[in-house]
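Open the model in your viewer and keep the selection panel at hand. The stops below go one residue or group at a time.

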Amino acid sequence: HELAERSSYVARQVVVFGALLFSAGFMAVSSGRRGLGRPVSRARLAAIGAPLAFVLLGLVWVPAGSPGSFGDVGPGAALMACALFGLMVVLPIVFVALWSMQRAFPSASAWRGGALGAAVGLLGSLALTLHCSSPFGGHVALAHGLPIVIAGLVGGLVGPKIVRA
């Protein structure tokens with residue numbers, strides 16, 4: 001019974017975090033009416049909103065029967081292990097994603113790069129969701145959210161050098 005509950009919890013997280021991933025990615029790379037990209041406000045929303053939504057959801061969305069309360073991080077050693085795993089997944093992909101979008105963003109390249117980085121970070125969070133069984137909301141918010149924040153920052157800082165038209 002406990003395994004079924006855990007599987008259901010993970011499946012719901014994958015769906016919600018996957019929707020955040022799709023939204024951020026779509027806002028980062030979709031074209032607008034004139035082909036110049038969606039309004040910058042949408043890229044800004046994706047670059048800031050997706051990581052923030054993930055962290056807030058991670059803090060409050062714990063499985064039934066979780067041993068901790070709001071914001072508990074659990075064992076400290078697991079924090080670093082998950083964060084490093086997430087970064088190992090995310091960082092190569094964010095550079096490949098930025099490289100594949102060379103000279104594709106004629107305007108707001110920092111925000112669009114940040115949104116693309118956040119989307120890639122959410123991909124890493126999906127890998128962590130499937131890999132890690134921590135029932136602690138603070139752990140999910142910090143260790144699984146850190147790769148999203150770092151990938152978004154890398155996209156926002158490095159992206160303009162690569163993706164600006």
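Which residues does Ala-24 touch, not counting residues up to four places away in sequence? Select Ala-24 and look around: Ala-46, Ala-50, Ala-115, Ala-119 and Leu-122 are touched, where contact means heavy atoms within 4.5 Å.

Before going on, note that this is a predicted model, in which local features need pLDDT of at least 70 and side-chain atom pairs count only at pLDDT 80 or more, while totals for chains, interfaces and linings use all residues. Residues are numbered from 1 along each chain as its sequence is written, and side-chain values use heavy atoms, with hydrogens and water left out.

**The core**

Next, select Phe-17, Ala-24, Phe-54, Leu-116 and Leu-122. Within the largest nonpolar core, which has 29 residues, these five touch the most other members. A nonpolar core is a set of buried Ala, Val, Leu, Ile, Met, Phe, Trp, Tyr and Cys residues joined through side-chain atoms within 4.5 Å. Buried means under 20% relative accessible area, exposed over 50%, and partly exposed in between (1.4 Å probe, protein chains only).

Colour the elements that give two or more residues to this core: helix 1 (2-29), helix 2 (40-60), helix 3 (76-100), helix 4 (109-131) and helix 6 (146-163). Helix 1 supplies the largest share, seven residues. Helices (H or I, at least four residues) and strands (E, at least two) are DSSP runs, numbered from the N terminus. In soluble globular proteins, nonpolar side chains tend to be buried together.

**The aromatic cluster**

Now show the side chains of Phe-17, Phe-54 and Trp-61, which form one aromatic cluster. Rings of Phe, Tyr and Trp (its six-membered ring) pair if their centres lie within 6.5 Å; planes under 30 degrees apart count as stacked, over 60 as edge-to-face and the rest as tilted. The count by this rule is three aromatic pairs.

Phe-17 and Phe-54 have ring centres 4.5 Å apart and planes at 50 degrees, so this pair is tilted. Phe-17 is in helix 1 and Phe-54 in helix 2, so the pair ties together parts 37 residues apart in sequence. Phe-17 and Trp-61 pair edge-to-face, at 6.1 Å centre to centre with 75 degrees between the planes. Trp-61 sits in the loop between helix 2 and helix 3, 44 residues from Phe-17. The relative accessible area of Phe-17 is 0%.

**Last stop**

Finally, select Thr-129 in helix 4. Thr-129 is buried, at 3% relative accessible area. Leaving aside neighbours within four places in sequence, Thr-129 is in contact with residues including Arg-6, His-144 and Phe-17.
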